[in-house]
Amino acid sequence: MTRIRRELERLGGDVMLIDHGELMAWTIGYSVSLTDYRCVIVPREGEPWVVLRELDVESCREQGVAHDVVEYADDQDAREAVASSLLARGHAASRIAIDYISYGLDLATHAALRERLPDASWMDCGALSDGLRRCKDEAEIEHLRLASGIADRAMQAVAAKLTVGDSARQASAHAAYRFLLDGADSGDTGPIVKAVGDSGFLHARRLDEPLVDGDVLHVELIPKVNHYSARLMRPILIGEDRHDMAGICETLVAIQDRQFTAMRPGALAADVDGIAREGVLEAGLRERYNNVTGYSLGLYTRTPRTSDFSYAFHPAATWILEPGMVFHMYLSAVGVAISETVVVRPHGVERLTHSPRRLLRATG
């Protein structure tokens, strides 16, 4: 609350309307889906309040720290409930800060709130929904460390059970079982697919194709603990390595190690990205490298986005690395992808994932 109020003071705002799911959870310990509009409202002075469907009030009070909850029934207008709560607390003509890139705020909602609060002024709070959360404290990093351990153990389990004739669906089932057994929030595994090409396979969907001798299974694991998601990618070889996938993997790891060495507080993100991007191109592993080499990790609640690119590594990235930032760093080429969850420390990066950094082999 102190950090939010500092930003409100800097902006000259009276109240901040928070409807970005992750920032809601970060602020009060509770978030819920966008079945209907919901938000947390933080005044520069006084206690915050939450506007929610009546159905969600009990869970909010159980899980969250907010005591003042404004509820509305399903046959009522959520936007009207928000506007009425602001009016009732003396904010008819206040300067209201909102995040214009929040996925929780659509055009219809913004228009409805402006119509119901004609004397209020609206301020863009500059993507604070992600910016406020960019550096994690040690409690948050511990959630990510636990999630990373689950990813490591699940990766080992997949490699130990996988054999010729299995499919990506069966590998996903092994990973999901390990997730749930080890305490992950859910069994959502992430993309697991037969690897073909430079990067297109990363988000492909070929769950039922049988794997044959010489195939490589791309496994990306994204376990969450208390909504904090770690991520890990490894290639798993089925049978004989006919195309020196082990050598390609070694090259990618060596390039990524150089990138990790440069990831210190004060480093420019574009420079860190360039080490990996240029390294892959100079090694002749790809003709062009058009995807990011890393992006933010942290709290993922019920959100329409599966990855957080608010702080991503690419050639145009102008932001600076800070202690406590956590990233999913990944490289891919020629059917091989490898990644780690890392946290920036005062003197360099710490890897939170600890799976062997090489081509894994199916031993089922």
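G29 is partly exposed, with a relative accessible area of 42%. This is a predicted model.

**G29 and its surroundings**
- G29 lies in the loop that runs between α2 and β2.
- Coming just after α2, G29 takes a positive phi of about 85°.
- Leaving aside residues up to four places away in sequence, G29 touches M24, Q63 and G64.
- A66 is 37 residues from G29 along the chain, and their C-alpha atoms are separated by 8.4 Å.

**Helix α2**
- Helix α2 spans residues 21-28 and is mostly covered, with 7 of its 8 residues buried.
- Those buried residues are G21, E22, L23, M24, A25, T27 and I28.
- They pack against two helices, α1 (2-11) and α6 (128-131).
- They also pack against the strands β1 (15-18), β2 (39-43) and β3 (49-53).

**The largest nonpolar core**
- In soluble globular proteins, nonpolar side chains tend to be buried together.
- Here the largest nonpolar core has 25 residues.
- The residues with the most contacts inside this core are M155, L162, I192, L217, V219, L221 and I236.
- At least two core residues come from each of α7 (138-161), α8 (168-182), β8 (216-221) and β11 (232-237).
- Helix α7 gives the most to this core, with 7 residues.
- L162 touches A171, L211, L217, I236, I238, A362, T363 and G364, not counting residues up to four places away in sequence.

**Aromatic pairs and charges over rings**
- The count comes to 6 aromatic pairs.
- One of them joins Y295 and Y330: the ring centres are 6.0 Å apart and the planes are at 70°, so the pair is edge-to-face. The cut-off for that label is over 60 degrees.
- This pair links distant parts of the chain, 35 residues apart. Y295 sits in strand β12 (residues 294-296), and Y330 sits in strand β14 (residues 326-333).
- Are Y295 and Y330 buried or exposed? Both are buried.
- One aromatic cluster is formed by Y311, F313, W319 and F327.
- The charged end of R231 sits over the ring of Y300, 4.7 Å from its centre.
- The charged end of R286 sits over the ring of Y289, 3.9 Å from its centre.

**Cavities**
- Rolling a probe the size of a water molecule over the atoms shows where empty space is left.
- A search of the whole structure finds 3 cavities of 30 Å³ or more.
- The largest cavity holds about 50 Å³ of space.
- Its lining includes D130, R133, R134 and K136. S296, L297, G298 and L299 also line the largest cavity, as do D308, S310 and Y311.
- Which strand gives the most to that lining? Strand β13 (residues 308-312) does, with 3 residues.

**G324**
- G324 lies in the loop between β13 and β14.
- With 7% relative accessibility, G324 counts as buried, because the cut-off for buried is under 20%.
- G324 touches R134, C135, K136, V343 and V344, not counting residues up to four places away in sequence.
- G324 and Y295 are 29 residues apart along the chain, and their C-alpha atoms are separated by 14 Å.

Definitions and conventions: Residues numbered from 1 in each chain as written. Predicted model: local features only at pLDDT ≥ 70, side-chain atom pairs only at ≥ 80, totals over all residues. Heavy atoms only, no water. Phe/Tyr/Trp six-rings, centres within 6.5 Å; stacked < 30°, edge-to-face > 60°. Helix = DSSP H or I, 4+ residues; strand = E, 2+ residues; numbered from the N terminus. Buried < 20%, exposed > 50% of the residue type's maximum accessible area, 1.4 Å probe, protein only. Lys NZ or Arg CZ within 6 Å of the ring centre and 35° of its normal. Core = buried A, V, L, I, M, F, W, Y, C linked by side-chain atoms within 4.5 Å. Contact = heavy atoms within 4.5 Å. 1 Å grid on protein atoms, 1.4 Å probe; cavity = no way out; pocket = protein on both sides within 12 Å on 5 of 7 lines; lining within 4 Å. Points joined across faces, edges and corners; volume = space filled by probe spheres on them.
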